[in-house]
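Okay, thanks for coming, everyone. Let me put the model up, and then we'll walk through it.

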Amino acid sequence: MSQDQLAGDFASLNLEQNGPQIPHVHKKHKRPNRAYFDIRPGSPSRSATPVMGVPPFNTADSFNNGVPTDISRGFTPVTQSPHPNMPMGTAHMEDTNSPVYQQQQMPGSSYEDDSTTSHIIATQRWEDQNQHLQTTFETANNSILPLPSTEFYCMDQGSCDPRLMRLSMYNVPEDEHLRSATKLPLGLTVQPFAPILPSEVIPVVGSTDNIILDDGSGEVKEPLRCKRCRTYINPGFKFGYDSSAICNICHVKMQISMDDFNSIDPTGQRGNPADKLEITKGCVDFLVPKIYNAVQNVDPVPLHYIFVIDVTLLANENGSSVAMIEAIKGSIEYIKENQQNCKVAIMSFDNKLRFYNLRPDLEAAQEYIVNEVNDVFLPLYNGLFVNPLESENIINDTLKKIYEFVVGDKYSHAPQSCYGAALEAASMALDTATNKQGGKIICSLNSLPTVGNGNLSLKKDDAIKTHLKCDNEFYNKISAKMLRSYISLDLYVTNGGFIDMITVTKPAEITSGVVKYYPNIIANEDEYLLGKDMVDEISKIEGYQALLKVRPSSGLSVESYYLDSVEYGDRDPMIPVVTKDTTIDVLLKYDNKLKVGTDVHFQTALLYTDIHGVRKVRSINCDGGVSNNIIDVFKLINQDVVMRIIIKDIIRTLDVCDFVNIRKVIDEKIVDVLTQYRALVSGTSSTQLILPDALKTLPLYLLSFEKSNLMKPNNQSARGNDRCFDLLKYGMFSPSKLNFKLYPQIIPFHILLEQEDLSFYDANETMLQVKPTTIPNISVRNSHTSLENGGCYFIFNGETVYLWFNENTNRMLLYDLLAVDPSLPINQISLFFGSLPETGTDINIKAANVIKYWCHITSQTSLPLLLLRPHVDQYYSSVSAELLCEDKTMNMIESYNNYLVQLHRRIQEKIAKDDYVKVTQSGKNHEQFHQKFVQF
């Protein structure tokens, strides 16, 4: 049978049910107090009835060596005795002689799993969202985590909301040997300020002494911490009758003061638990004394912003300078209304530096020009940083003066850019004004820096450099200096020309800032978009002067934080400014063997200053179980964390951009994981392709990563803007954004929708619902063959919403959706400021609901809407190639269906050769390897 025929069979896989639909029954996942789940053979079994009406997957056609066979009999399971260790929710794909895909449950399992969803990502997302409409995720009772693309309500029962921190394995292998047998990383993902539901403020914890007196003489008491490992008190602490407590991280017993000791009931719990949020909630904020300040015993200063505008010739000509001025107006207005204590300053640069005096008592704007760009200095101090409310008039006058220079004084415009000197000057201004307590630089850049410190000699991307590392001494040094001073950079690149992005964005990457890229800036549209993006990023800021520490239970330790600022080591990272999107991935390693059947605990402590200048520690806690059974380990794998760690590990090895071999390495890792599962868990002699239920979409996500702009061939360009910006996204994106980036969501609007479809289920308008009968029609796979001629689709990639339609799309549908004249040619249809108009029709309301839903999931106030029309929009080919990730690419990366065939063949070869890691009863005789990517 040919590969193309087989691929066609894989493409026909579907979730259609031949029998009647089984109604959805909501069940609670009850788990014991300890976070270990016994799903071994012999434990009480439950019914193998499919849940949510999800039948075994079958194809519409079946082939035997290319000859159609009888399909009227439906699906027949493999005729073999079930393996005693067959896990629940295992996805099977038949061999080339009979391509069948099904899901099975493990016989003899006591663990209830009603979360089994489709192996097709488009369908899986809707099924998972529907499962969480009527239930609240209880962190002590539920074990299968919602997808990053799912909105859900959560009840913190002593373990944090999984949006704040989640593990890659919730049944942790007892030792390195068992972990290495899974070929998967042990790690966690932390997003300390992720928006949660219900939208409530994280409780601030303090004892009766944590009250500051009116005269300011009071002092905040230090939170209770373990005297050995310095872990903050959390729900895992055990308290004794003798005024003692046992730390859940290092298991050391310590005496505590009577102020921290309450009466103990017979169960060993403290009295009045409702009054002690720190032992009942998985995430709390602790107030801390001055010794915890960034500069000890010195009060934190308000967050200082300095806006730096590129006013070079090219920036003025393409309108980005004016766009930046308007964006700064909106940003300062937001700061004035929502961050009243913060201060702002304004600079501009071309081949010179321009400072502006913003003192409120001035009658007109004052400009100070510094021509010395090789040895910068500050020409003023008083009036450089001001309160935006007090200096509102002079700020507006200053921005007007800059605007007049950009628009009217064209003969004075210079083409050279002293971007490096501007960063030096802005950093110097913040250090001087805050006494090295940090701040935020918000800067635009339109062209390659050519004068002053930090000028770059490389005028074009000649593909001579074949790595994606910054090798410029100036930018490496200033990045480290800014990090030590708690200064963060947000950079807005406003030109598609070569600017050596990997170098000029180094300070933003090191300081955990944001990079935005507008390659083809259009005066009106991008002016609005840039302003919205800037205000959006400022509104996400939650704190500054942050230090992060992850503490796992005894026997585990941090191998590396996936941050370039700590060189991917185990040094505790500094984060100058933390936002809602700030996400850190952490890889763990084994120090000793863990005890089976016990809990393993993890605490992330983030020391930071909130936007109001109050110093706090955010304590985020979760737990898992310890297992010596590989079946248990595979069952509670979290695919999202596994995927993020694998991608981050690939990124940190990009010293040489040999993307062909890198793709081979990724493929080999997927094969290794599936081979281990097939050999050690499934235990079947069938020739099916078997995917773990917890990892059933991992191959598609990693295949999409292989097809990204970052991984494209580098024959002509190794450090092009598109490649470098794509690389930066993987460091900036939160779990939900990355999920949509790797596999964009496509929603059709030309199909028949029920009244309740694409409407909000909850009063807070966050959870979008569709009827179960609509899911097969609304789930569109990311392939050209899935897009109907004459269809209408909304497509979301984590940043932008695209509206796809063509000349055959129903014009009345477009009229109801966009309020455009039905007689208007599609190439003349446009959107006002890249947003969806309000027409009041049912279809328009549903579309607005979808965009609002995507906004909430990805923590954005609004999303740009762009038209995507075949043969009309110039960017159609490049954008569609990135969105439709299941198709074969121009550089011959296989389609998803063929990719599965190749994986299947390689897995069979490894099984035949007995080429996989064996699991023995004890791992004592095996070397304890550190977790490197080659072992995943």
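First, a term: when I say contact, I mean heavy atoms within 4.5 Å. Of the contacts in this protein with a separation of 6 or more, 75% join residues 24 or more positions apart.

Now the caveats. This is a predicted model, with local features needing pLDDT of at least 70 and side-chain atom pairs counting only at pLDDT 80 or more, while totals for chains, interfaces and linings use all residues. Numbering runs from 1 along each chain as its sequence is written, and side-chain values use heavy atoms, leaving out hydrogens and water.

On to burial. The protein has 936 residues, and 61% of them are buried, meaning under 20% relative accessible area with a 1.4 Å probe, protein chains only.

So what about helices and strands? These are DSSP runs numbered from the N terminus, H or I of at least four residues for helices and E of at least two for strands. We've got 22 helices and 34 strands.

Next, the cores. A nonpolar core here is a set of buried Ala, Val, Leu, Ile, Met, Phe, Trp, Tyr and Cys residues joined through side-chain atoms within 4.5 Å. The largest one has 147 residues, and Ile306, Leu353, Tyr419 and Ile441 touch the most other members. Helix 14, residues 659-682, gives the most to this core, 10 residues. There's also a second, separate core of 37 residues, with Phe740 and Leu818 among them.

Last stop, helix 7, residues 419-434. Of its 16 residues, 12 are buried, including Tyr419, Leu423 and Leu430. Just after helix 7, Asn435 takes a positive phi of about 60°.

Notes:
Buried < 20%, exposed > 50% of the residue type's maximum accessible area, 1.4 Å probe, protein only. Expected span 1.5 Å × (residues − 1).
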